[in-house]
Amino acid sequence: MPRKSTENQTALRALRNHLNPIAKQPSLPTDRALKSSSSTQKGFGRHGHFPIVLRFDRQHLTQSDTLEFVSERTAIEELSDLFLFLADNDFAGYSPTYEQLARSISADTKLLEFVESSAHPNARRGRVPVLFFAATHDRILANPGCEIAAVYRGESDADPMTSFLELINQERGAIIENMRTRSVQTNEVGRSAALALAFGRATQDVSDSLTLFEIGPSAGLNLFIDRFHIDYTRNDKALASLGPDDSTVRLRCEVRGPNTPPLPTVGFELKARNGLDPMPIDVRSNAECRWLQACVWPGIPDRPQRLSAALDIARQSPPRLIAGDAVTDLAVSLDEIPESDHLVVFSTWALAYINADGRQTVLDTIDQRGANRDLDFITFEEPRFTPWVQPAEAGVFEHYLGEGTPTQLSLRSWRGGVCTTTALAIAHPHGRWIHWLEENHG
Ligand SMILES: C[S@@+](CC[C@H](N)C(=O)[O-])C[C@H]1O[C@@H](n2cnc3c(N)ncnc32)[C@H](O)[C@@H]1O
C-alpha cells in the first residue's frame, strides 16, 4: 500500500533541502531552525525530529552534500524516502499522477531496486527519482497508444501503477539506457516570472542592453524571457504585466507575503543570449525536444503547452549554446563576451547538478570577472546550493513547504569592483508564486 510519510527521514530531507548546509558560512541558521522545532506545519519538523536532525547537521553537513552519512539506512530505504518526499512536497496538489506513483514506488522494494540499479553510479542521488520519471515518461511518449499514456494525458483515471509497471516491463532496456545517458533537463519557462523581477532589480542602474549568459540552460528557453508575457497578480487581482501582449507564452505569477517586488515597467533589451551546458538541447531536433517533454510532469495543463510555445519562439532564432561544463569551461566562455556589454550570468535549478567544490569554482570564476567588470549573477536555486547568500529566515521556507520545493532568488552584483549579495525572494520552483524578501520596495 502506498504510505504517507511518517518517518523522521522525511523531516531530515526537508531540513537538508531548505537550510544551507555549508558551515563555512558563519551564520548557518541552526538557531532559527531550532526555534522552529515545535512547528507542526507541512512537512517541516512535523514529527518533532529537529533536534536529532540538527545534531547531524552540525557534525556532518560541512563535509558532504550527500545524505549517506546521516543514517545507517540502506540505499533502497533512502530512495524510498526520496520518492515520498517528492510526493509530499513537490507533487501533492500539483501532479496527482506523479504523487500517486511516487507513493506507490516508495513502497515497492523490487521497483526501487530496479531504479537504484539503473541509475548511473555518478548520478546525484537526490535527482534519481525525477530522472527515473523522465526516463519512463520518454518511453510513454514513444508509445502513445499504451494505457499509461492515456493516464498521463488525463484521458483515463485508472489507477496508474498497474499500467506504469507494465510499461516498465516492456521498456526496461530503454529506460535503463535513458537513466545511464541522460540527465534531468527540465527547461521550465515559468522560472522566467521570477527571473524577470531579478533582472529588473539587478539592472535598475544599467542603461546598456544586456548580454545574458545562462549556466545549465538545457535548451535555453529562459534566454527568451523578453519574448514571454508575464502577469503578476496578488489575491487574483492584476499587479503588473511584462512582455509582449501577443506572446504565445503566457506566464502567471502570484505575489505573496508582505512585500511587493519592484515590478519592472519596461521590457528588457537583450543584446545576446548565451548558455553553457554539458548536453545543450537543440531546439530544432524533434528527438531532443522529446526529452524536454519527458521531463515535464503529467497533469499540469499549462506546462506542455507553454513548453511547445517557447520552443516555437526559440526555433526562430536559436540561442548560442556552448557544450561544456560550467566548472571547467565557464572562464573561457565568459571571457569571450565583450567588456563593453553588461553581463548577466544566471542559473536556475542547475547548480544542484554540480558538486560543492564545482559550485565554488563557478562562483570564483564569476567573482574574478566581477572584480574587473560590472556584472550581475542571478541564481534561482535551493539555498543550499548558493552558500554565498545569507538564506531567508527558516520560517519563510516552513510556510511554503508542501507547495513545491521553495527556491531562492538571489542576486550578486559587481559594480566598480564592489560586490553585494542579496536574497531577493523565495518562489515556487516553476515561478507560480513569489514571496519577495526585501522590504524597501513597493
Ligand atoms: C534541471 S535542468 C534546468 C534547466 C534550466 N536551467 C531551467 O531552469 O529550465 C539542469 C540543467 O543543468 C545542466 N547541468 C548539469 N551539470 C552542469 C554543469 N556541470 N555545467 C553546466 N550545466 C550543467 C543540465 O545539463 C541541465 O540542462
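In helix 12, which spans residues 286-294, the buried positions are Cys 289, Trp 291, Leu 292 and Ala 294. These buried residues pack against two other helices, helix 7 (128-142) and helix 13 (302-316). The model under description is a predicted one. Its protein chain contains 16 helices and eleven strands, and 48% of the 442 residues in the chain are buried. Among contacts between residues at least 6 apart in sequence, 74% join residues at least 24 apart.

The axes of helix 7 and helix 12 come within 8 Å and cross at roughly 120°. Angles of 65 to 115 degrees count as roughly perpendicular and those over 145 as roughly antiparallel; helix 7 is therefore oblique to helix 12. The crossing of helix 7 past helix 12 is right-handed. On the side of helix 7, the contact is formed by Ala 134, His 137, Asp 138 and Leu 141, and on the side of helix 12 by Arg 290, Trp 291, Gln 293 and Ala 294. By class, the residues of this contact comprise four nonpolar, two polar and two charged.

Helix 7 contributes Leu 131, Phe 132, Ala 135, Thr 136, Asp 138 and Arg 139 to the contact, while helix 10 contributes Ala 174, Ile 175, Asn 178 and Met 179. The residues of the contact between helix 7 and helix 10 divide into six nonpolar, two polar and two charged.

The ligand is surrounded by 24 residues, of which the closest are Gly 216, Ser 218, Ala 326, Thr 348 and Tyr 353. Strand 5 (270-277) and helix 14 (326-335) are the elements that give two or more residues to this shell. In terms of residue class, the shell consists of twelve nonpolar, eight polar and four charged residues.

Two loop positions were also characterised. Asp 341 lies in the loop that connects helix 14 to strand 7 (342-348). Asp 341 counts as partly exposed because 17 C-beta neighbours fall inside 10 Å, whereas a buried residue would have 20 or more. Apart from neighbours within four places in sequence, Asp 341 is in contact with Thr 211 and Lys 271. The C-alpha atom of Asp 341 is separated by 7.3 Å from that of Ser 209, although the two residues are 132 residues apart along the chain.

Thr 260 is placed in the loop between strand 4 (250-256) and strand 5. With 16 other C-beta atoms within 10 Å, Thr 260 is likewise partly exposed. A separation of 9.6 Å is found between the C-alpha atoms of Thr 260 and Ile 434, which are 174 residues apart along the chain.

How values were computed: Residues numbered from 1 in each chain as written. Predicted model: local features only at pLDDT ≥ 70, side-chain atom pairs only at ≥ 80, totals over all residues. Near = placed C-beta within 6 Å. Helix = DSSP H or I, 4+ residues; strand = E, 2+ residues; numbered from the N terminus. Nonpolar A, V, L, I, M, F, W, Y, C, P; charged D, E, K, R; others polar. Buried ≥ 20, exposed ≤ 12 C-beta atoms within 10 Å, placed from the backbone. Contact = placed C-beta atoms within 7 Å. Axes fitted to C-alpha atoms, helices over the stretch in contact; angles between N-to-C directions. Parallel < 35°, antiparallel > 145°, perpendicular 65-115°, else oblique. Left-handed = near helix turned anticlockwise from the far one by under 90°.
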